[in-house]
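Welcome! Please have a look at the sequence and the model before reading on.

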Amino acid sequence: LRPTRTEADEPAGLALAELPVTRVVRDWSDDLLCRIKTGAEIPFACLEGPPGGGKTTIAAALARSAEWTFVSTDVGAWFGKSDGTLGGVVQQAKAFFAELTAGPPERGVVGFLDEIDAIPNRATLTRDPSWWTPVVTMILTESDALKRSGRKLLLVGATNHFDILDPALVRP
């Protein structure tokens, strides 16, 4: 299973310093890059903005600037590369998380989960809760395992709708 794209699939791109971004984004990204380079604890990050606003570009540039691997996926890919059953979707999601820790431990990885709002908020879930709850739980469990792995990892989510995300998904 290979549900993701890595930096080898990405065209050569710009480093963070070369991106035309707002002062707020520049300050945030420079601070995060500094934390990466100094080995400080790295938080989960979630980028919010309108479609086409550069969320993927920023995450890829962050990985490039840190000289880390960029691994990207989205929930739609988990469905598209599986049979659409609960087991198939979970298998694709687990493959993404496994890929984040598959490389050499000294090599950092930015894992990018695009359209993270496709993972429903359990508190407001009305459609198919018995199907979605195990998926959300598995994602939370895998995210926690990343934190405990001791590896140089940063998980970045991207959404157009931060306000609808499950609070457990975006906790520090």
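Let us begin with Ser-143, which sits in helix α5; helices here are DSSP runs of H or I with at least four residues, strands are runs of E with at least two, and both are numbered from the N terminus. Is Ser-143 buried or exposed? Ser-143 has a relative accessible area of 15% and is buried, where buried means under 20% relative accessible area, exposed means over 50% and partly exposed lies in between, using a 1.4 Å probe and protein chains only. Leaving aside residues up to four places away in sequence, Ser-143 touches Phe-97 and Leu-155, a contact being heavy atoms within 4.5 Å.

Before going further, two notes on how to read the model. This is a predicted model, in which local features need pLDDT of at least 70 and side-chain atom pairs count only at pLDDT 80 or more, while totals for chains, interfaces and linings use all residues. Residues are numbered from 1 along each chain as its sequence is written, and side-chain values use heavy atoms, with hydrogens and water left out.

## Helix α5 as a whole

The helix that holds Ser-143 has 20 residues. From its first C-alpha to its last, α5 reaches 28 Å, close to the 28 Å expected at 1.5 Å a residue; the expected span is 1.5 Å times one less than the number of residues. After α5 comes Gly-150, with a positive phi near 75 degrees.

Which residues of α5 are buried? They are Trp-132, Val-135, Val-136, Met-138, Ile-139, Leu-140, Glu-142, Ser-143 and Leu-146. Their cover includes α3 (75–80), α4 and β4 (153–159).

## Where α4 meets α5

Helix α4 (residues 86–100) and helix α5 (residues 129–148) pack at an angle of about 10 degrees, and their axes are 10 Å apart. Axes are lines fitted to C-alpha atoms, for helices over the stretch in contact, and angles run from 0 to 180 degrees between N-to-C directions. The two helices are therefore roughly parallel to each other; angles under 35 degrees count as roughly parallel, over 145 as roughly antiparallel, 65 to 115 as roughly perpendicular and the rest as oblique.

On the α4 side, the contact is made by Leu-86, Val-89, Val-90, Ala-93, Lys-94, Phe-97 and Leu-100. Their partners in α5 are Trp-131, Pro-134, Val-135, Met-138, Ile-139, Glu-142, Ser-143 and Leu-146. Sorted by type, the residues of this contact are twelve nonpolar, one polar and two charged. In this sorting, Ala, Val, Leu, Ile, Met, Phe, Trp, Tyr, Cys and Pro count as nonpolar, Asp, Glu, Lys and Arg as charged, and the others, Gly among them, as polar.

## Helix α2, mostly covered

Now turn to α2, where nine of the twelve residues are buried. Those nine are Lys-55, Ile-58, Ala-59, Ala-60, Ala-61, Leu-62, Ala-63, Ser-65 and Ala-66. They pack against α1 (23–38), β1 (45–48), β2, β3 and β4. The end C-alpha atoms of α2 are 17 Å apart, which agrees with the 16 Å that its twelve residues should span at 1.5 Å a residue.

Ala-59 belongs to this helix, which covers residues 55–66, and Ala-59 is buried at a relative accessible area of 1%. What does Ala-59 touch, not counting residues up to four places away in sequence? The answer is Leu-47, Phe-70, Val-110, Phe-112 and Val-156. Arg-64 is also placed in α2, but Arg-64 is partly exposed, with a relative accessible area of 31%. Arg-64 and Ala-15 are 49 residues apart in sequence, yet their C-alpha atoms are 6.0 Å apart in space.

Although Glu-67 is not a glycine, its phi is positive, about 60 degrees. Glu-67 is exposed, with a relative accessible area of 61%.

Glu-115 lies in the loop between β3 (109–114) and α5. Glu-115 is not a glycine either, and has a positive phi of about 55 degrees. With 34% relative accessibility, Glu-115 counts as partly exposed.

## The cysteines

How many disulfides are there? The count comes to zero, taking a disulfide as a pair of cysteine sulfur atoms within 2.5 Å. Cys-34 is partly exposed, with a relative accessible area of 44%, and Cys-46 is partly exposed at 22%.
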